[in-house]
Amino acid sequence: DICDIELVDKLFNEERFDYVINFAAESHVDRSFIYEELFYKSNVEGVRVLLEASNKYKVKRFHQVSTDEVYGQLPLDDLALSFTEESPLNPTTPYSKSKRDADLLILDYIKKEDIDVTISRSANNYGIYQHPEKLIPKTVKMALNKENITIYGSGLNIRDWLYVADHCIAIDLILHKGRKGEIYNVGANKEYTNIDIIKMVLNELKIVDYNISYTNSRIHDDTRYSLNCDKIKRELGWDVVYDFDETFKSTVNWFKENYNWI
């Protein structure tokens, strides 16, 4: 529990970490509308506790794993638009608002303390072992159970899909070569609608007899996320190295073969 001040201090004191990378977060948008207090506790207070410990024990760098959702949404009628690191923050859900507040907390903290921090804002991740509430494993589970495949609204909301290993390569580069106090967008430029992803999963599972149920949209369901990643490519030489088609297929088949996981 990163909000446990005594535990965190004890670990920092004993281990004397060189670096801190904060992957920890409550991240499921649906749950954030129900458990808003929990999201703020983990995603903001937890970050504050880690920052205090990192400053106290003089870690070399604190890196925060953030999200493209802090920027809000883009329209569907202009697919040329993408968010840059300078885009205004306009989050629309308790989850994205808590991640925005964490980013702002970090950027404000370095103004008063001599601590080296970086932030990455990534697109939708996918890969094996992903939590079963996420779209790909959830679709695999419903399909294998021969349930109706449920999707919010029209299913035309667009997300950029980033393979988790490419994301980790980016984080490692930022950690060791990124500039102090900087934010880096990390995306794959692989934009698909939610309905596209569902049909791609079903196709890989070779399931042709299925029903898709369209349910009411979330309280607020962002239309499109898209990141301009020129900065990390230019400054750190990062780019995706894993093929989307191959990793998507291997991810779906991993969930199929490890059905008990979901």
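Student: How do the residues that line the largest pocket divide into nonpolar, polar and charged?
Tutor: In this predicted model, the lining of the largest pocket holds 18 nonpolar, 17 polar and 11 charged residues.

Student: What is noted about the backbone of N189?
Tutor: Its phi is near 60°, which is a positive value in a residue other than glycine. K206 is also not a glycine and has a positive phi of about 60°.

Student: Where is K206, and is K206 buried or exposed?
Tutor: K206 lies in the loop between helix 7 and strand 9 (212–215). Its relative accessible area is 71%. The cut-off for exposed is over 50%, so K206 is exposed.

Student: Is L173 buried or exposed, and how do you know?
Tutor: L173 has a relative accessible area of 18%. Buried means under 20%, so L173 is buried. The residue belongs to helix 6.

Student: Which residues does L173 touch, leaving out those up to four places away in sequence?
Tutor: With those left out, L173 touches G178, L236 and W238. The test for contact is heavy atoms within 4.5 Å. As for N55, it is 118 residues from L173 along the chain, and their C-alpha atoms are separated by 22 Å.

Student: Why is strand 2 called largely enclosed?
Tutor: Seven of its seven residues are buried, so the rest of the structure largely encloses strand 2. Both faces are covered: R61, H63, V65 and T67 are buried on one side, and F62, Q64 and S66 on the other.

Student: How do you know that strand 2 pairs with strand 1 and strand 3?
Tutor: Two strands pair if there are at least two bridges between them. Strand 1 (residues 19–22) and strand 2 are joined by four bridges and run parallel. Strand 2 and strand 3 (residues 117–122) have six bridges, also in the parallel sense. The threshold is two, so both count as pairs. As examples, V20 stands opposite F62, and H63 stands opposite T118 in strand 3.

Student: What sheet do these strands belong to?
Tutor: An open sheet of four strands in the order 1-2-3-7, with parallel pairing. Strand 1 and strand 7 (183–186) are the edge strands, each pairing on one side only. From one strand to the next, the twist averages 20°. Helix 3 (residues 36–56) lies across strand 1, strand 2 and strand 3, at about 165° to strand 2.

Student: Which strands form the sheet of three, and why are strand 4 and strand 8 placed at its edges?
Tutor: The order is 4-6-8, in an open sheet with mixed pairing. Strand 4 and strand 8 (191–193) each have a single partner strand, so one side of each lacks a neighbour in the sheet. The twist here averages 50° from one strand to the next.

Student: Why do strand 6 and strand 8 count as a pair?
Tutor: Three bridges join them, and at least two are needed, so they pair. The two strands run antiparallel. One of the residues involved is R159, whose bridge partner in strand 8 is Y192. Helix 7 (residues 194–204) lies across strand 6 and strand 8, at about 85° to strand 8.

Notes: Residues numbered from 1 in each chain as written. Predicted model: local features only at pLDDT ≥ 70, side-chain atom pairs only at ≥ 80, totals over all residues. Heavy atoms only, no water. Nonpolar A, V, L, I, M, F, W, Y, C, P; charged D, E, K, R; others polar. Axes fitted to C-alpha atoms, helices over the stretch in contact; angles between N-to-C directions. Buried < 20%, exposed > 50% of the residue type's maximum accessible area, 1.4 Å probe, protein only.
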